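Reader: Hi, I'm new here. Could you show me what we're looking at?
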Amino acid sequence: MCGFISIMGPEGSDVIQEVLTGLLAIQHRGQDAAGVVTCGDRFQAKKGLGLVRDVFEPRHLERLRGPMAVGHVRYPTVGGNEDADVQPFWVDFPVGIAMAHNGNVTNFHELRRDYFPRQTPQGRLASNCDLEAVLYVFAGQLFQRKAERIKPEDVRDAVAEVFRTVKGAYSVVGLIAGAGMYAFRDPYGIKPIILGKRETDRGTFYAVASESVVLDVAGYEAVRDLNAGELLWIDTDRRLHSFQVSVRPHRPCIFEYIYFARPDSVLDGALVYQTRIRLGAELAKSWRRTGLEADVVIPVPESARTAAQEMAEVLGIPYREGFVKNRYVGRTFIMPNDTERRSSIRHKLNPIRMEFEGKRVLILDDSIVRGNTSRQIVRIARQMGAAKVYMASYSPALTHPCPYGIDMSTKNEFIARGRTVDEVCKELGADHLIYQGIDAMVRAVREVTGDHREFCMACFDGDYPTGDVTERVLADIEADRLAASGGGKA
Ligand code: AMP
């Protein structure tokens with residue numbers, strides 16, 4: 001999971017400040033690295049490992065001028081913690097193309113092994129980042145155009161070639177020097193991407209970003225989400241062209257609503273905050289069916305707060321903040337290996353004893369992946385004197401790896417895989433455990449979208465929309481992740 005923003009302003013404008021503002025708003029999508037490429041007379045870049053606020057300093061801004069820029073924050077799903085893998089990427093010759101993405105290429109290994117040795121002059125890719133595969137296929141096709149000047153149809157053909165060759169789920173934004181800004185969404189629309197606009201006296205500014213919150217804070221009006229398989233091309237005359245390059249069913253990732261996206265974002269027309277309220281309401285119904293009684297609902301901050309408030313309200317019991325989060329420690333999950341993750345949970349969450357002592361506590365999290373968080377939380381709740389410790393997850397049990405760029409790519413990661421709910425409960429040391437049902441989850445999100453749309457929920461049900469996720473693909477991705485988390489590289 002990563003985040004991006006790309007902006008094209010009127011001739012003579014500088015958009016770097018807005019790009020950085022936007023990147024700060026999607027820092028939650030990746031804290032491992034950040035980068036910007038701007039395009040004035042030529043490409044200028046600044047990239048580095050770490051948070052946006054650490055990578056960029058005022059002195060960099062002078063150099064990063066120009067009316068077009070693309071920025072990225074990264075959490076590595078393929079590739080590791082190396083400078084060479086930090087996005088955006090670009091090529092200078094014969095046409096300058098910059099690119100950033102969110103998602104994951106599922107046939108990256110295959111392309112690296114079989115395709116690029118034949119296609120690239122050096123015979124191999126320079127990084128371990130799958131974006132490079134998208135960039136080279138895109139650029140390779142664009143270079144084959146007949147006319148000197150790049151036409152909208154040339155960009156369309158380049159995207160069509162990407163869709164033919166590069167499998168997986170990826171939303172992409174980028175710039176072509178002297179020609180315009182492009183943005184496209186993967187054929188199944190798994191990854192979010194939204195267009196925004198701002199009219200000024202100087203002309204129109206266009207922005208394309210991973211989440212609508214970026215547009216809000218950067219002062220843009222949300223225009224619409226891109227369709228699955230759609231390309232947007234904005235040329236230097238600031239004309240917007242749209243092509244439906246591929247026509248497949250739209251299957252947006254449901255986990256964006258559960259966990260990834262900020263609650264104040266609207267994804268594909270649904271306010272994330274509202275979906276979390278509905279998820280809490282649905283889970284309250286399941287809790288009632290257990291016949292158990294709790295004295296208090298306590299969220300695992302931050303993501304579970306909204307659902308926990310609703311759950312408490314529906315159940316008619318108090319909602320309490322039982323854990324205080326140290327906001328200066330990074331997201332537990334966003335730490336590249338398991339050892340760091342385990343030890344940091346305690347640093348991150350400190351309990352308030354009075355909310356546990358003598359009480360039957362119902363602790364709600366958005367999801368349980370490896371179970372490290374829940375196990376420690378149950379232990380802490382007991383240490384604080386809870387009479388009963390009930391755990392609840394407002395998403396269903398995670399059981400299948402995600403090859404589309406969510407960092408859940410190895411099967412053995414899932415505590416729920418091959419275990420019944422009772423067995424997981426026992427592993428966690430809780431007195432009872434409930435998960436949201438898959439149907440209830442879909443119902444909750446659809447109540448907000450107001451339609452009958454289908455989602456990608458492969459991590460819960462193993463149904464991979466792209467149809468090309470074989471055991472081999474999963475094994476390749478798994479090997480890559482294991483190597484990366486062990487400090488090595490695949
Ligand atoms: P775990 O300790 O492995 O069970 O992780 C569960 C915690 O990680 C939950 O509190 C979630 O908020 C968070 N989480 C779940 N899925 C992801 C993900 N794919 N990426 C980052 N964080 C996640």
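Reader: How many residues of strand S1 are buried?
Author: Seven of the seven residues in S1 (residues 2-8) are buried, meaning under 20% relative accessible area with a 1.4 Å probe and protein chains only. Strands here are DSSP runs of E with at least two residues, and helices are runs of H or I with at least four, numbered from the N terminus. This is a predicted model, where local features need pLDDT of at least 70, side-chain atom pairs count only at pLDDT 80 or more, and totals for chains, interfaces and linings use all residues. Residues are numbered from 1 along each chain as its sequence is written, and side-chain values use heavy atoms, leaving out hydrogens and water.

Reader: Which residues sit on each side of S1?
Author: Cys2, Phe4, Ser6 and Met8 are on one side, with Gly3, Ile5 and Ile7 on the other. In a regular strand the side chains alternate between the two faces of the sheet.

Reader: And which strand does S1 join through seven bridges?
Author: That is S4 (residues 68-74), running antiparallel to S1; pairing takes at least two DSSP bridges. Cys2 has Arg74 as its bridge partner there. S1 also pairs with S10 (residues 203-209), antiparallel over four bridges, where Ile7 partners Ala207.

Conventions. Buried means under 20% relative accessible area, exposed over 50%, partly exposed in between (1.4 Å probe, protein chains only).
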